[in-house]
Amino acid sequence: MQLANAAFSATSRAPTSCSALPRSSAPLRHAVLPHQNLVAETGRLQPKHRSLKPEATKTPYPPPSRVIQTDAPTDVEYDAVIVGGGMGGLATAAQLVAKGAKVVVLEKYLLPGGSAAHFKRAGFTFDVGSSMMFGMGQEGTTNLITKCLQAVGRQLPTVPDPTQVVYHLPKSERFPQGLHVSVWRRYEAFLTELGERFPHERAGIRAFYDECWKVFNSLNVLELKSLEEPRYLLGQFAVQPLACLTLASMVAANTGEVARRHIKDPELLRFIDIECFIWSTVSADLTPMINSGMVFCDRHFGGINYPVGGVGRIGEELAEGIIEHGGHVAYKAHVKEILLAEEAAGGGEQRQQRAVGVRLADGRVFRGKTVISNATRWDTFEGLIGEDKLPTSEKLFRQRYKKSPSFFSLHMGVRAEVLRGLSDCHHILLEDWGKMEDARGVVFLSLPSLLDPSLAPPGYHVVHAFTPDWIDNWQDLSPSEYEAAKEAVSDQLCERLEAVLPGLREGIVFREAGTPRTHRRYLSRVDGSYGPIPSRRPLGMLSMPLNTTDIRGLYCVGDSTFPGQGVNAVVFSGFGCAHRVLCDLGREPTWPLLDQAYGRLLAAVRNAS
Ligand SMILES: NC(=O)c1ccc[n+]([C@@H]2O[C@H](COP(=O)([O-])OP(=O)(O)OC[C@H]3O[C@@H](n4cnc5c(N)ncnc54)[C@H](O)[C@@H]3O)[C@@H](O)[C@H]2O)c1
Ligand SMILES: CC(C)=CCC/C(C)=C/C=C/C(C)=C/C=C/C(C)=C/C=C/C=C(C)/C=C/C=C(C)/C=C/C=C(\C)CCC=C(C)C
């Protein structure tokens, strides 16, 4: 869910739909909320107050002082050529350069981070996608964003969020004012609150979430690397047998079936559905239990932590760390084709394809021992390789997974009084349970400047609202129809947001909308999709492809690979991908015979599921 247009066009065009900025408004001071005094272990929050100047809309982002590297040597053979500098690509690159590999990241846009970048307008910093960061805690092994930054010698100060999310759910006979639940950082506080709403299900609630903890506690003691590497896996089984057996017992499970074992109340089961939907965009029955274990527990263990300066700071720090470690990150580098060569397969006459490099739109060729694609599977195999060369496993993937909807996003700058009295950053609004999975059904609302005031000028706040939407709703419109539709949907969204932000419409000083077309264009994601979702009930985590592909030397990373969408999730996929690539390059130890046999077994399980 992401809007990247603003960053690109900051220098070239005025906001498409904004109220006039107040030229000489006397800046109001930020109300200091109690939780803003919380400072994460990693650093101190030092709000930078900027003045709200209309000229700020003309300031290019990133600022001119930051060098946009567009070049990288083409006369070498890289260990890895990485297509795309989203969080998946950057995490892989960071792991590889930390092990001394020769890496180039080729990013089409002029900023790192992909869907997890940010952009600046009129003195506001807006996160392109969601502002809810998992994996930035300090303890355990699942704090993968923290670990990834550390791999290249970086760290970021963060602000702890007192809640993960506040739900504002439909009215019913039992809840005439609507069902309102806060997911507190403290696990027991959350269980108490949910238990108060469903007192007859207290035991079931605890039993279900405790099952999630079994998964999380097991993950949180393992060294997290490639699930496609048997030597490592056996090593983990040897040192953490109980954790591995617990995970093995859960790999094929989905969340809905586990929830129904403990919970009977249909309204509470619907709540579990939306608990999954807000990050997986599908109901609990289609959400792997391993993923729910991560999400439903990391929010209490490491907590949700906001990186000071904006979510895009993560990608910026990673990119700089990669360059410092001898890697290259080239922007405005649009990969048009993944280059394949034929080679002998095994000992016989058989031939197989191997990825040997990429060609850019400007004609430059980068050669690599391996090619890693951070583009979606659809963009990789249709766009960069060609539909005619689609491997069987990709055809199967398309039967099992479809594209999730994209999002309609509304980025707003508002006067501080609109958020007066609020302290929770993330909210979910739904007025009708029957519409949960419909386009524009659920509204996601993030208010990150409540945590980090440096995102907005003094006296103002950032509001980001987004809702699932399909590209089909935005096709075949004339430019004026397109603009009018953006205005109309933005107005409807603002009206709905008044339930949580009364007075919003009068308080808006900046407003800019992004549609699925915006996401497709600026993030190069097919149909602007948020990622793959199962077309039928998956076999837990087993249905989702890992990093290797049927084309030798070609790997995928990011949300088209296990465990799917989410920054911490794609960073995990980057850890796995880098490890597998290092093994294949002979830079990490493997047991080749076992390796091959295990690879065949995994493929058979995936192709049968
Ligand atoms: N709170 C959260 O957890 C949160 C927040 C933001 C984003 N996200 C999620 O992060 C995930 C995305 O991460 P990702 O790393 O898989 O993908 P991504 O889409 O973010 O990054 C892919 C990158 O590849 C680049 N690219 C694509 N095709 C290219 C080409 N041909 N040549 C050069 N560059 C090309 C794109 O410009 C983009 O920067 C999504 O699931 C998203 O929703 C989650
Ligand atoms: C080999 C085999 C197969 C088996 C054996 C056993 C074992 C050992 C196993 C193991 C396993 C593992 C290690 C696994 C791992 C996993 C992981 C790490 C996972 C992760 C996940 C994560 C996730 C999913 C995340 C996500 C997140 C997200 C998506 C987020 C989102 C957010 C948003 C959208 C926002 C919202 C907003 C508002 C509310 C406003």
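Predicted model: local features only at pLDDT ≥ 70, side-chain atom pairs only at ≥ 80, totals over all residues.
Altogether 33 residues surround the ligand, and the closest are Glu107, Ser115, Ser130, Met132 and Tyr530. A residue is counted here if one of its heavy atoms lies within 4 Å of the molecule.

Looking at secondary structure, α2 (87–98) and α17 (567–584) each put at least two residues into that shell. Helices (H or I, at least four residues) and strands (E, at least two) are DSSP runs, numbered from the N terminus. By class, the shell has 14 nonpolar, 15 polar and four charged residues. In this scheme Ala, Val, Leu, Ile, Met, Phe, Trp, Tyr, Cys and Pro are nonpolar, Asp, Glu, Lys and Arg are charged, and the others, Gly among them, are polar.

## Polar contacts and burial

Met132 uses a backbone N or O atom, 2.6 Å from a nitrogen of ligand 1. Arg525 has a polar side-chain atom 2.7 Å from a ligand oxygen, and a side-chain N or O atom of Asp559 sits 2.8 Å from an oxygen of ligand 1.

On its own, ligand 1 exposes 870 Å², and the protein buries 96% of that. Those areas come from the Shrake-Rupley method with a 1.4 Å probe; for residues, only the protein chains shown count as cover.

## Second largest pocket

Of the 35 residues lining the second largest pocket, Thr548, Thr549, Arg552, Asp584 and Gly599 are the closest to its centre. α18 (592–608) is among the elements that give two or more residues to the lining, and α18 gives the most, with nine. By class, the lining has 11 nonpolar, 11 polar and 13 charged residues. A pocket is an open set of points on a 1 Å grid over the protein atoms alone, where a 1.4 Å probe fits, with protein on both sides within 12 Å along at least five of seven lines; lining residues have an atom within 4 Å of a point.

## Ground rules

Residues are numbered from 1 along each chain as its sequence is written, with chains lettered from A and ligands numbered from 1 in the order written. Local features need pLDDT of at least 70 and side-chain atom pairs pLDDT 80 or more, while totals for chains, interfaces and linings use all residues, and side-chain values use heavy atoms, leaving out hydrogens and water.

Terms used:
Polar contact = N/O pair within 3.5 Å; in protein donor to acceptor, adjacent residues only side chain to side chain.
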